[in-house]
Amino acid sequence: MSRTRVVVTGLGTTNPLGGDVASTWDAMVNGRSGVRHIEADWAEELPVKIAGVAAVEPTEVLERVKARRLDRTAQFALVATMEAWADSGLAEVQDDLDHDRLGVAMATGIGGVITLLDNYDVLLEKGPRRVSPLAVPMLMPNASAANVSLYLGARAAVNTPVSACASGNEAIALAVDQIRLGRADIVVAGGTEAAIHRLNIAAFANMMALSKNPGDPATVSRPWDTARDGFVLGEGAGVLVLESEEHAKARGARIYAQVLGAGITADSHDIAQPDPAGRGGSRAIVRALEESEIGPESVFHVNAHATSTPLGDIAEGLMLHATLGKSVEQVVVTSTKSMTGHLLGGAGALEAVAVVKAIETRTAPPTINLDNQDPEVDLDIATKARDLPVGDIAALNNSFGFGGANVAVAFGSV
């Protein structure tokens, strides 16, 4: 029996490069960085004073009353969802949809941490009576998914994958499963994060995960470069509208690409460090190809997880060689984190948006700041936008997270 084909009909994002897909894609293709100095006073005491701060404040998009009831994480999720939903054309027929067949899979790595920490400060400084009665609904990890479901009227499953930096990509994999299992016709899937806070930055810096490069912020995130010394924290969200092909075609939807398959595995190696041999990630890629029913020869582009950390970037290179074999020579590899920083639970979703745009436009965006490629990473890494072949092609989106979570999702042309 043939499997249900799952297609992408809508895209939305807000992130350090832009407040929508068009501005984000333009910045990516042209190799512009969204990393900048943090302007808040509290950053002065920190060892790291840069981040990928959102290019557009979500409060400029959302109604003031609505925004005040949402943590910044949920604000990003809702802004990106609004764009993706409108882009899909479903907003125009929303009243005619079967909302029992509409689901949400909205991931986060940390959730409403700013609400949590701000209200704890209020508790200490002003007492328990001044703590917001909305604090728990704002800080809970599933707040973003819940608010997206309320906005859409989604009444199928509303899920919140929380798998650290693999969360956004896992949400897409989960959404595909929901559609293929017949539980939904449409799932709005993505990831969101807003963790630029002094506690998080101090913690990441103290564990030697963040770059402490004092140079121009735009040059600090440098995946695969010999001078890389850690990632740059970013914020924002990416959202895809996924539908069964039958449902999408029945309403005459524009189709960007299809989601071919996904692989999800765990390292069981270390809470923070990746398996240096990349075995767990390799199994995720193999499973994604198997589920997609394609071979390595079909893959022409990879948006790599590559965060700009010494060990992780090397491990991912090993994974691609182990899984793609000689076909790795035809693959154009990109790390858009060189421009956006690392959105943690939102990273995989934003990068999925980039992969879909790469397939649609047949253009792979570059990796910037790659001045001296690490000799241990034998990959064809684009340093300028590169053309992708015409015809049927597939592309991989890789995400790996703390706790050893590995997710690879394969997208294909239509």
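Figure 1. The mean positions of the 33 positive and 50 negative charges in the protein chain lie 3 Å apart. Keep in mind that this is a predicted model. Step back and you can pick out 13 helices and 14 strands in the chain. Its radius of gyration is 20 Å, close to the 22 Å that the globule rule gives for 414 residues, so the chain is as compact as a globular protein of that length. Along the principal axes, the C-alpha trace spans about 60 × 55 × 40 Å.

Figure 2. How many of the 414 residues count as buried? The figure is 60%. As for the surface, the chain exposes about 16300 Å², and carbon and sulfur atoms supply 51% of that. Now look at who touches whom: take the contacts between residues at least 6 apart in sequence, and 79% of them join residues at least 24 apart.

**Figure 3. Ala 22 in helix H1.** Here we zoom in on Ala 22, which sits in helix H1 (residues 21-29). Is Ala 22 buried or exposed? With a relative accessible area of 59%, Ala 22 is exposed, because the cut-off for that label is over 50%. Find Lys 357 as well: along the chain it is 335 residues from Ala 22, yet the two C-alpha atoms are separated by 9.9 Å.

**Figure 4. Helix H4 and its neighbours.** Helix H4 covers residues 113-126, which makes 14 residues. From first C-alpha to last it reaches 20 Å, close to the 20 Å expected at 1.5 Å a residue. Which residues of H4 are buried? They are Val 113, Ile 114, Thr 115, Leu 117 and Asn 119. Their cover includes helix H3 (72-88), helix H5 (135-139) and helix H8 (198-206).

Figure 5. Start with Ala 164, in the loop between strand S5 (158-159) and helix H7 (167-180). At 19% relative accessibility Ala 164 counts as buried, because buried means under 20%. Next, move to Met 208, in the loop between H8 and strand S7 (236-244). Met 208 isn't a glycine either, and its phi is positive, at about 65 degrees. The relative accessible area of Met 208 is 58%, so this residue is exposed.

Figure 6. What span should the 14 residues of helix H10 (residues 279-292) have? At 1.5 Å a residue they should span 20 Å, and the end C-alpha atoms are 20 Å apart, so the two agree. Buried residues in H10 are Gly 280, Gly 281, Ser 282, Ala 284, Ile 285, Ala 288, Leu 289 and Ser 292. Where do these buried residues pack? Their partners are strand S8 (257-266), strand S9 (299-303), helix H11 (310-324), strand S13 (394-401) and strand S14 (405-412). Follow the chain past H10 and you meet Glu 293, whose phi is positive, near 60 degrees.

Note on methods. Residues numbered from 1 in each chain as written. Predicted model: local features only at pLDDT ≥ 70, side-chain atom pairs only at ≥ 80, totals over all residues. Heavy atoms only, no water. Helix = DSSP H or I, 4+ residues; strand = E, 2+ residues; numbered from the N terminus. Expected span 1.5 Å × (residues − 1). Buried < 20%, exposed > 50% of the residue type's maximum accessible area, 1.4 Å probe, protein only. Contact = heavy atoms within 4.5 Å. Rg over C-alpha atoms; globule rule 2.2 N^0.38 Å. Areas by Shrake-Rupley, 256 points an atom, 1.4 Å probe, with all protein chains shown as cover. Lys, Arg positive; Asp, Glu negative; His and termini not counted. Charge placed at Lys NZ, Arg CZ, Asp CG, Glu CD.
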